[in-house]
Amino acid sequence: MSSVSSGVMPTDVLVVGAGPAALAIAAELAERQLAVAVLAATDPRDPWPNTYGIWGDEVDVLGLGHLLEHRWSHTCSYFGPGSSDPADPANTPTRHGRDYGLFDKARLQQYWLERCEAASVQWHRGMAQQLTLEGGRSQVHAVVAADSVVIEARLVVDATGHQPLLVRRPDEGPVAGQAAYGVVGRFSAPPVETGQFVLMDYRSDHLSEAERQEPPTFLYAMDLGEGRFFVEETSLALAPAVPFEVLKQRLHRRLAHRGVAVEEVQHEEFCLFPMNLPLPDPQQRVVGFGGSASMVHPASGYMVGSLLRRAPALADAIAAGLKDPNAGGEELAAQAWQALWPAELQRRHALYRFGLEKLMRFSEPQLRAHFRTFFALPQWQWYGFLTNTLSLPQLVMAMLRLFVLAPWAVRWGLMEQQGREFSLLQQLIQLRRD
Ligand SMILES: Cc1cc2nc3c(=O)[nH]c(=O)nc-3n(C[C@H](O)[C@H](O)[C@H](O)COP(=O)(O)OP(=O)(O)OC[C@H]3O[C@@H](n4cnc5c(N)ncnc54)[C@H](O)[C@@H]3O)c2cc1C
């Protein structure tokens, strides 16, 4: 990795960041014969802190199944209330019948790094600070080893994560966070069955009646093999987010109730990221990708599948725009935003945000009934919903079907309009008109 000296260094595209979004888009852009520089606060080869999960089919269709470190076919959730008798129907699992995987995060990173290297991406290590505009070009000012430097590009891609440095978003009020506290380690007894992956265990028989009135949380858990398990207490979304202390305490309560104690902690995960960010303003000189561009799926919290699927279209649009030597920064950025967030995806995003707003109000029994109904939808429908791979009409059909099949308690919750839901609905209607 080179470090930069002072001065203005011109390039076609400057990508800021070194997380999954930055590497994904840098690789795609460089493979289109563009001059691409990456400016990152850390070494892009540094291990990423997060663990990334994904449905098996999402990587299979892209021919990337080899990037998974673990893969489970025994996948299920629990949407009953739970009881101390394992044979009680309150403990009956909902089987998903779809594979789920965990990326080998080093291999995923390496996959993108090798593509970047092969396509001659220029690496710069430094902290970006601000963007200025000089004629048709953008200049990013950065600090590199205590020196101020300027990197000049025709277009800047901000991939600095959920709280972006450069991308602007409208303020639409409190942002809900997905929060989770997890442990990778060894336990006195298996916290889940051998070879099992549990997407959501909403059983709550370990909580008092009063605690069940508090915001619901669920267990996300998996057998990692050789006696190691990953267990994580998770709040789907809430504003303000559920504190880590509460999640930690709930995790230990849940495990203790099933007679399980943590014997060895190999890694602790403190997870917090925004779920329902508004879309960025498309009229800005910088384009975003990843967390900075609000690409987290507002109903599930997943994003890596979207990065893999959507990077090529964004790179195509940027490459096409740059072919015109006279295209200015504003025009290039507008074309890029249009490719990243076309009207169809904007509408789907608005629908998901609207749906999440409702789920955040649901009581624990409503939420359990909702998910039981959701996973009773045909597999292609719930899978397409969770991966954002349904078309808009298909998504609407899935939501309508859910409404028809749901018990009255859930239907009533879906019909009630409270808080921000009305304004989100208005946004959706507005998007349909535009
Ligand atoms: C704990 C956790 C678990 C998650 N699990 C999953 C999962 O299982 N599956 C899934 O699909 N999604 C998951 N997500 C959601 C999402 O995929 C991740 O948050 C993902 O890391 C976001 O990628 P990103 O590249 O946009 O941002 P980040 O990964 O946050 O990367 C931002 C990069 O920008 C750099 N940077 C920041 N500021 C500057 C600056 N001023 N100058 C230069 N560089 C800068 C940072 O150093 C970093 O390299 C998870 C998120 C968290 C927090």
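How much space lies in the second largest pocket?

Reply: The model is predicted, and the values below are computed from it. In this model, the second largest pocket holds about 410 Å³ of space.

Its lining comes first. The second largest pocket is lined by 18 residues. Those that lie nearest its centre are Leu279, Pro280, Pro282, Gln346 and Leu431. By class, the lining of this pocket is made up of ten nonpolar, five polar and three charged residues. Three helices, H6 (329-340), H7 (343-359) and H12 (421-433), each supply at least two residues of the lining. The largest share comes from H7, which gives four residues to the lining of this pocket.

Another part of the model to examine is a helix pair. Helix H9 (residues 379-387) packs with helix H10 (residues 392-405) at an angle of about 115°, and their axes are 10 Å apart. The crossing in which H9 passes H10 is left-handed. On the H9 side, the residues in contact are Trp380, Gln381 and Phe385. They meet Gln394, Leu395, Met397, Ala398, Met399 and Arg401 in H10. By class, this contact of H9 with H10 has six nonpolar residues, two polar residues and one charged residue.

The strands may be taken next. Seven strands make up an open sheet with mixed pairing, in the order S6-S5-S13-S14-S15-S12-S16. Strand S6 (93-95) and strand S16 (262-274) stand at the edges of this sheet; each has a single partner strand, so one side of each is left without a neighbour in the sheet. From one strand to the next, the twist averages 20°. Within this sheet, strand S12 (residues 177-187) pairs with strand S15 (residues 228-238) in the antiparallel sense, over eight bridges. In this pairing, Gly185 has Phe229 of S15 as its bridge partner.

The loop between strand S14 (218-225) and S15 is the place of Glu226. Phi of Glu226 is near 50°, a positive value in a residue other than glycine. In the loop between S15 and helix H4 (244-257) lies Pro240. A cis peptide bond joins Ala239 and Pro240, with omega at about -10°.

There is also an open sheet of three strands, in the order S3-S7-S4, with antiparallel pairing. Strand S3 (53-55) and strand S4 (68-72) are at its edges; each has a single partner strand, so one side of each is left without a neighbour in the sheet. The twist in this sheet averages 25° from one strand to the next. S4 and strand S7 (residues 100-103) run antiparallel and are joined by four bridges. Here, Leu68 has Phe103 of S7 as its bridge partner.

To return to the part requested: the second largest pocket, with about 410 Å³ of space, has a lining to which H6, H7 and H12 each supply at least two residues, and the residues nearest its centre include Gln346 and Leu431.

Methods:
Residues are numbered from 1 along each chain as its sequence is written. This is a predicted model: local features need pLDDT of at least 70, side-chain atom pairs count only at pLDDT 80 or more; totals for chains, interfaces and linings use all residues. Side-chain values use heavy atoms; hydrogens and water are left out. Axes are lines fitted to C-alpha atoms, for helices over the stretch in contact, and angles run from 0 to 180 degrees between N-to-C directions. A crossing is left-handed if the near helix is turned anticlockwise from the far one by less than a right angle, and right-handed if clockwise. Contact means heavy atoms within 4.5 Å. Ala, Val, Leu, Ile, Met, Phe, Trp, Tyr, Cys and Pro count as nonpolar, Asp, Glu, Lys and Arg as charged, and the others, Gly among them, as polar. Two strands pair if DSSP finds at least two bridges between them. On a 1 Å grid over the protein atoms alone, a cavity is a set of points where a 1.4 Å probe fits but cannot get out, and a pocket is an open set with protein on both sides within 12 Å along at least five of seven lines; lining residues have an atom within 4 Å of a point. Grid points are joined across faces, edges and corners, and a volume is the space filled by probe spheres set on the points.
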